[in-house]
Each structure stands twice: as C-alpha cells, then as structure tokens.
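Okay, thanks for coming, everyone.

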Amino acid sequence: MKVSVLALWSAAAALLLVAQAPSAAEASHHGGAGLKLGYYKKTCPGVENVVKYHVAKAIKANRGAGAALVRLIFHDCFVRGCDASVLLDPTPANPETEKTAPINIGLAAFEVIDEIKAALEERCPGTVSCADIVVYAARDASSLLSNGHVHFAAPAGRLDGVVSRAADAQRDLPDSTFTVSELIRNFRRKNFTVEELVILSGAHAVGVGHCSSFRARLSAPPAQIVPAYRNLLSGKCAAAAGGADDPVVANNVRDEDPRAVAAAFPSFLGKLRKARDFLDNSYYHNNLARIVTFNSDWQLLTEKEALGHVKEYAENGTLWDEDFSDALLKLSRLPMPPHSKGEIRKTCRWVNHH
Ligand code: HEM
C-alpha cells in the first residue's frame, strides 16, 4: 500500500497532539515564581471575599476551625508543594492518600474548604484551584485569629496536583518526637532556616492535639516540662472519653479549661485568656516557661540559635506577627515537583476524571 508522506505526517502529528494534550496541564511553571497577586481578578472577581466570608463564618462558629486551617497550609505545602494533595480522599485506586498518613493525625477543616469550593464553583465553575483556596483560607484564618496582626497579600495561580501518597507526607513532615537537629534538617530540606522553624512553630499558640502526639512528654523531667502542667495534661488524657486519641488537649495552655487549671496548675489561672485560640507570640513565653505541649516545641530551647529566636519573639510580639506573615507567604510559594501534572479540580476531595 502506498501512503503519501503528507498522510504519514498528519497521522504522526495527530498522535503527537494526543500525546501532548494531557487532560491535566504541566504544572511546573505554576511554581512559586509564576504566582500572581489578584490572579483571579478577571476570571473570578470577588474570589478572596468569598473565601474570607466562609472562613469568618467557620471561625465564628468554632475558632478551632481557624487553627485547623493554619495547620492545613503547612501540611499541604510541605508535601509536594502547595497543590491541595492533602485534600484528596482515599479511593479504591489510591487507598493511601496523604490524609491517611499517621503524621496527618487530627487534620481538620476539610469541610470548610469544601464549602468554599462549592460556593466558587457556583460563581465561576472550573476556575479557582483548591490549592489557592487552602492558601487564601489559611491567610484569612491567621489574620482573623490574630485580630488582623498577621496579614499578607497572597499571590495565586496554583494548580491542583493529581498525586497524593501517605508515604510522602510521612517522609516530608516533621514529627513531634524529633530532636532539634532533626527539625532543623527537615526544614532545611524545604529551604527554611532555623529562624523560620522557630517563627512557624509559633502557630502552636492555637489549636489542639491528641494525647498520642505528646505521650512521651507525660514522663519528661521537670527541666523539660513544668510538673504541674504535666499533671494537667496527664489528667486530661486519662479522662479523655475516647482514650488517648481524643483531641481534647489545647496546645496552648493559655486556653485550657479553668476548672482543670485550678485543680492541677493554679499558678497559671491568672494567665488564662478569654478568647480561645488567639494567634500571638504567647507560644514563646510558654515555651521559655516549659509549658508547651510537644517535644518538638521544647526542643527549640536546646539549640543556641533556635533558643535565641525563641527569646527574641517572646520579647517582640509585633516582630513575630510580621515574620510569621512572611514565613506563611514563603510556605505558600512552595512549588510542586518539576513536571508534575496539575488541574483545577471540580471537587477538592477527588481528582477530575480523565
Ligand atoms: C516544627 C515542626 C512541627 C511539628 C513537629 C508539629 C507537630 C504538631 C502536632 C503533633 C500537632 C497535633 C496533632 C494532633 O495530635 O492532632 C500539631 C498541631 C498543630 N500544628 Fe503543628 N507541628 C509543627 C509545625 C507547625 C507549623 C509550621 C504550623 C503552621 C504554620 C503548625 C500548625 C499547627 C496547628 C495550628 C495545630 C493545631 C491544629 C488544630 O487544632 O486543628 N505546626 N502540630
């Protein structure tokens, strides 16, 4: 059979087109450098107001949702960059997504993200990525929990990833049992300094933790944890209805239940605050006083440079507000691995069908 060169060429070109027209775009150019302020100005005007409205509503109902959103940006961006890979639910095809990893214990506020996504799909279908929603929501949550002291303009234009593996989360996220050297190494791998490790750890001024996340602290010596605070934690863990997996213990002792504090740690009663989950530099004061929840928090006192920064931020709350804003912005710029595929998901919990 005689086939013309032209026919061959067009067949080859068609094949090439098929090969080059993936249903998910290549996302490498959407890394930190390609992000833009007001990215959705033309395609989805008002997007940031919509996000803020829903975050404010969620926080009004429960300030803990704000803490969860601040943790979510960290757990998304440290694993394959900010690509919403942490939001993907397990499926029969991929039963072990990031959110099933033990290191992601207690991650929450997924329904807040769902609500925002649904509102945005109605307003401008197929336009706003879940990855950008995670960043906007964390930005707004940190701003609301700090009464506006933490604030930054968030560039956007991220794509949603199609890969999510529990093993990646387990490998890339720091564990509360880490030593300070392990924490420093973990942050350095993502190009974050010792100072930024200390700055970002200040997020532990808000939120809750499971007893299983600080079990070793319950038998740590007084040089590491004030015995009265240790007793308070032990008592709460023993009483937790759901056992050690009950997330009943506030990370920040300043938000503890007054009755429990009165019983186990009366000297702290005067320091309890009225508004739970207020995002400020109180973490550093508590850390220097040996009343923080996680081993990884206390570890920051055991290395010279890190300790210097803990003291610096204990003394200067305004500086921490600014530096925390900058560090969150830097976190939000972590790109997907080169040549990753990206898309705008229809639903944040599942990749699109291709
Ligand atoms: C430095 C290494 C870090 C370690 C080892 C660590 C570890 C943990 C652990 C074990 C929990 C409790 C999880 C649970 O039991 O439910 C937690 C909670 C939390 N973490 Fe971290 N974390 C680190 C850094 C960060 C960073 C960088 C941020 C954000 C910028 C952050 C924000 C939070 C928040 C807000 C909570 C409370 C979440 C909630 O109440 O829903 N953490 N962290």
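So, how do the residues of the shell around the ligand divide into nonpolar, polar and charged? We get 14 nonpolar, 10 polar and two charged, where Asp, Glu, Lys and Arg count as charged, Ala, Val, Leu, Ile, Met, Phe, Trp, Tyr, Cys and Pro as nonpolar, and the others, Gly among them, as polar.

Quick caveat: this is a predicted model, where local features need pLDDT of at least 70 and side-chain atom pairs pLDDT 80 or more, while totals for chains, interfaces and linings use all residues. Residues are numbered from 1 along each chain as its sequence is written, and side-chain values use heavy atoms, with hydrogens and water left out.

Around the ligand there are 26 residues, and H204, G207, V208, H210 and S213 come nearest; being near takes a heavy atom within 4 Å. The largest share of the shell, five residues, comes from α3. Helices here are DSSP runs (H or I, at least four residues) and strands are too (E, at least two), numbered from the N terminus.

Now the iron. H204 is found in the loop between α8 and β3, and its NE2, at 2.1 Å, is the only protein donor of the iron atom of the ligand. Donors are N, O and S atoms within 2.8 Å of the metal (3.2 Å for Na, K and Ca); water is not among the atoms, so sites may look incomplete.
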